[in-house]
Amino acid sequence: MPSRPVIPGFHPDPSVCRVGETYYLACSSFEYAPGVPVFTSDDLLSWTPVGHALHTPEQLKVADANPSGGIYAPTLRHHDGRFWMITTNVSDGPGHLLVTAEDPAGPWSAPVRIEGAGGIDPDIAWDDDGTCYLTWCDQGLRQAVLDPATGALLTEPRLVWEGTGGEHVEGPHLYRVDGRWYLMAAEGGTAAGHMETIARGPSPSGPWEPCPHNPVLTARSTGAVVRSTGHADLVQRPDGSWAMVFLGVRPRGYFPAFHVRGRETYAVQIDWVDGWPVVGEPIEPDEVAPVREHGPADSWVGAHVFPEQVLRRAGDVWELSAQPAGRTFVGRRQEHETVLAHARVEAGPGVVGGLEVRMDPLHAVTLEVEGSRVRAVARVGTLTSVLGEADVDDDALLEVAVRPSPKGRFDIRRGPDEIVATVEDAQGRRELGRLDGRYLSTEVAGGFTGRMVGVVAERGTLVVRSFEYRGHDEPMGPDWYL
């Protein structure tokens, strides 16, 4: 099992396809816009973002989505010279959404809405005569023949498989391999019991024979570094060999352990034995290079809003406008174990905003500026605590550091990391507060996303003079944070 992801940070529910020598992969995005990030690779190891499949407000409506609402698991396929992406916006129903593009970087088409199918996690596959099969999760796995041009179901939906007995059968993918059809699915829920199972049959609708060594992928009841593995997709390489991409998490800290970067994308080699897929060697980077990124960047996403709707360039600075409905956040995923983020902002009269690390609006640490006053504010559910505050000069540097907890120390209060909020100006460097990282974890906050790092406007229009994200997967010495 891999110990390092091929796409780190909150990039769950990967779906992959290949065109020629090049692989393409899409992930879930939930309440963040633009939606469904798309990546490309020539080796399944190094992935480069190329855009988003839902890249306009007309395609993606998440303004009213709750945290972990919005876009659920996509399927990405290439057929008849086009890319096809199908997904579900659980906050904009009914039905699934299907978009197409000649280039995965876009533009992608207006969505075709498939109202005749409920549930989540849709998959599309074609047989040799061009018939398109839609398979989705709705109290088991259901299937119908689809007209992809109109979204009409051409047959009545029917239950085709209920898995092997695990709860939450979901994430189906349908394949044809060596004359047989295979239906693969996730079971057990996307937590400690997560697993991937598969069955085969003579037609796209079965009947299905479960694999005798199911689950074909799981980390349940193990001490693996990467756990909760599942929601997988298969792809064949140009040389005829196969690989699998899947999601997993890296929990840290004392029992029950906490994961903060969300569900990440991993990959393994696949061997076929007696007509069944068997997990082989991991596909993973040897090491992770440090990252230093300035922003706001074009790759940023917004919570419930497209960044271009609220963030604009004004000369040498950026202006972030709060939405009438509440806090406006834009930023990037926390992709590293050790992080340093800092920003210089200006909050004029009536303006409140600053630098934030968050799981969602109710689980966040914010260096919040109002006039010449800076507050380090921790939000944990309905509890809000000011960790510390200070008066600062106009050009104060706001800094939030994520510092991993020492490994191996026995302490029931040991979380995965610690979040430290600091401010620096002509008066010197002052720590305003720190918070155990457990409180910004999935195990506390719930939901399906991961930590984000960026800027937030609570009220009015915040001026962002600069932003920097530095990340590394190894603990760093104290000077690294300065």
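F30 is a buried residue, with a relative accessible area of 1%. The model described here is predicted. F30 is found in the loop between β2 and β3 (32-33), and its phi is near 55 degrees, a positive value in a residue other than glycine. Most residues other than glycine have a negative phi, and most peptide bonds are trans. F30 also belongs to one aromatic cluster, together with F10, Y32, Y72 and F448.

**Backbone exceptions**

D178 likewise has a positive phi, about 50 degrees, although it is not a glycine. The place of D178 is in the loop between β15 (170-177) and β16 (180-187). Is D178 buried or exposed? The relative accessible area of D178 is 78%, so the residue counts as exposed. F30, by contrast, is buried at 1%.

Cis peptide bonds occur as well. One joins G206 and P207, with omega about 0 degrees; P207 lies in the loop between β17 (195-201) and β18 (209-210). A cis peptide bond also joins F255 and P256, with omega about 5 degrees. P256 is in the loop between β21 and β22.

**Aromatic pairs and charges over rings**

The structure holds 12 aromatic pairs. A pair of aromatic rings is described by the distance of the centres and the angle of the planes. The table gives these values for some of them.

| Pair | Centre to centre | Angle between planes | Geometry |
|---|---|---|---|
| Y24 and F83 | 4.8 Å | 75 degrees | edge-to-face |
| W242 and W272 | 5.6 Å | 70 degrees | edge-to-face |

Y24 counts as buried because its relative accessibility is 13%, under the cut-off of 20%. F83 is buried too, with a relative accessible area of 4%.

Which strands hold W242 and W272? W242 lies in strand β21 (residues 242-249) and W272 in strand β22 (residues 264-273), so their pair ties together parts that are 30 residues apart in sequence. W242 counts as buried at 11% relative accessibility. W272, at 26%, counts as partly exposed, because that category lies between the limits of 20% and 50%.

Elsewhere, the charged end of R332 sits over the ring of Y469, 3.7 Å from the ring centre.

**Nonpolar cores**

How many residues does the largest nonpolar core have? The largest nonpolar core has 42 residues, and those with the most contacts inside it are L355, L367, L398 and F467. L398 touches A341, H342, A343, V345, G354, L355, L367, V369, V374, T422 and V423, not counting residues up to four places away in sequence. Apart from this core lies another, of 19 residues, with A33, A65, A101 and W108 among them. In soluble globular proteins, nonpolar side chains tend to be buried together.

Strands of a sheet pair through backbone hydrogen bonds, either parallel or antiparallel. Strand β8 (residues 96-101) and β9 pair in the antiparallel sense over 3 bridges, and L98 stands opposite V112 in β9.

**I283 and its surroundings**

I283 is found in strand β23 (residues 276-283). At 8% relative accessibility, I283 counts as buried. What does I283 touch, not counting residues up to four places away in sequence? The residues in contact with I283 are V6, L44, L45, R237, A243, A267, V268 and Q269, again not counting residues up to four places away in sequence. I283 and D43 are 240 residues apart in sequence, while their C-alpha atoms are 9.5 Å apart in space.

Technical notes:
Residues numbered from 1 in each chain as written. Predicted model: local features only at pLDDT ≥ 70, side-chain atom pairs only at ≥ 80, totals over all residues. Heavy atoms only, no water. Core = buried A, V, L, I, M, F, W, Y, C linked by side-chain atoms within 4.5 Å. Buried < 20%, exposed > 50% of the residue type's maximum accessible area, 1.4 Å probe, protein only. Contact = heavy atoms within 4.5 Å. Phe/Tyr/Trp six-rings, centres within 6.5 Å; stacked < 30°, edge-to-face > 60°. Helix = DSSP H or I, 4+ residues; strand = E, 2+ residues; numbered from the N terminus. Lys NZ or Arg CZ within 6 Å of the ring centre and 35° of its normal. Pairing = 2+ DSSP bridges.
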